[in-house]
Amino acid sequence: MKAGMSLDDPSSKRQAYRLKKQENREELKHVRIDPTATSEKVDLPRKRFYRQRAHSNPFSDHQLEYPVSPDDMDWQKLYPHFFDVGTNRMSKQVTIADIGCGFGGLLIDLSPEFPENLILGMEIRVQVTNYVEDRIIALRSNNAAINGYQNINVLRGNSMKFLPNFFHKAQLEKMFFCFPDPHFKQRKHKARIITNTLLSEYAYVLKEGGVVYTITDVLDLHEWMVKHLEEHPLFDRLSKDWEQSDKCVQIMTHATEEGKKVERKKGDKYVACFVRLPNPPIV
Ligand SMILES: C[S@@+](CC[C@H](N)C(=O)[O-])C[C@H]1O[C@@H](n2cnc3c(N)ncnc32)[C@H](O)[C@@H]1O
């Protein structure tokens with residue numbers, strides 16, 4: 001805490017909390033947990049201490065760290081449990097991505113449903129990423145006996161700029177876009193997370209048969225996402241019957257923090273899912 005600050009002051013209370021959590025994070029975030037060791041229960045982070053501006057400009061230079069290529073990414077740090085010390089390699093790679101994961105609710109609900117998949121959240125806002133990291137540290141530690149939550153993690157990153165730096169061609173099976181920022185004004189539409197150019201990048205990292213999941217409470221944004229995905233030659237919309245039978249659609253409809261907010265306000269939710277088509281033959 002800075003000199004002259006008192007713990008009665010809410011901003012210094014937040015700063016002290018953040019500092020403590022930061023120390024904890026630095027110590028624990030890459031640690032491979034021993035499931036046989038007994039340890040103290042770790043408190044789940046409190047969201048109010050991680051508040052920050054609702055929007056982050058995806059076009060600014062956030063001085064983000066990103067690998068030069070997917071092979072330069074050190075996944076062991078994010079998923080230490082899946083590092084095979086015998087072969088000195090990861091035993092799995094990330095196959096599910098939650099783009100703009102916010103406070104991480106989807107990651108947490110997907111984790112036990114896909115124990116054999118590595119699931120990555122990408123989030124541009126620093127404090128929100130810190131919150132998700134702290135949440136995962138606590139969940140891993142408190143569920144160590146069953147190796148819980150080892151298959152999820154979060155990365156601070158701008159998915160509009162650097163996705164192909166993290167993922168190989170056709171690496172992903174599922175990509176989630178849950179309640180993305182709507183960027184209502186027409187002149188801001190270019191900042192939307194689904195555009196023609198970005199869809200080609202998403203098609204590049206998705207394997208054939210992989211699925212793009214979208215959900216929003218903003219009808220205009222829903223129509224925008226559907227239009228762009230329908231116009232793209234590498235995506236085809238999945239039917240309502242398919243949506244009803246897919247467990248991820250059920251999970252994403254209720255798991256995320258934004259989705260819960262919409263539920264509290266009794267708002268509508270619009271879902272659209274698209275399959276990644278095979279590349280057309282080169283003639
Ligand atoms: C409205 S919130 C939804 C969060 C979460 N998906 C949910 O449903 O609760 C949108 C999130 O996307 C993040 N975001 C926006 N643009 C991004 C980008 N280019 N790369 C990564 N995250 C981004 C924002 O910081 C924000 O947390």
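**View 1. Lys 174 pairs with Val 211 of strand E7.** In this predicted model, Val 211 in E7 is the bridge partner of Lys 174. The strands involved are E6 (residues 172-178) and E7, which pair in the parallel sense. Six bridges link E6 and E7.

View 2. E7 and E9 (residues 270-276) run antiparallel. Six bridges join E7 to E9. Ile 215 stands opposite Val 271 in E9. E7 itself spans residues 206-216 and is mostly covered. Eight of the eleven residues in E7 are buried.

**View 3. Tyr 213 sits in the largest nonpolar core.** This core holds 56 residues. Met 175, Val 212 and Tyr 213 have the most contacts inside it. Helix H3 (residues 126-142) gives the most to this core: six residues. Leaving aside residues up to four places away in sequence, Tyr 213 touches Lys 174, Phe 176, Phe 177, Cys 248, Val 249, Met 252 and Cys 273. In soluble globular proteins, nonpolar side chains tend to be buried together.

**View 4. A shell of 22 residues surrounds the ligand.** The closest are Gly 100, Gly 102, Ile 124, Thr 256 and Glu 258. Strand E4 (118-123), helix H4 (159-166) and helix H9 (257-264) each supply at least two shell residues. H9 provides the largest share, three residues. By class, the shell has ten nonpolar, seven polar and five charged residues.

Definitions and conventions
Residues numbered from 1 in each chain as written. Predicted model: local features only at pLDDT ≥ 70, side-chain atom pairs only at ≥ 80, totals over all residues. Buried ≥ 20, exposed ≤ 12 C-beta atoms within 10 Å, placed from the backbone. Helix = DSSP H or I, 4+ residues; strand = E, 2+ residues; numbered from the N terminus. Pairing = 2+ DSSP bridges. Core = buried A, V, L, I, M, F, W, Y, C linked by C-beta atoms within 7 Å. Contact = placed C-beta atoms within 7 Å. Near = placed C-beta within 6 Å. Nonpolar A, V, L, I, M, F, W, Y, C, P; charged D, E, K, R; others polar.
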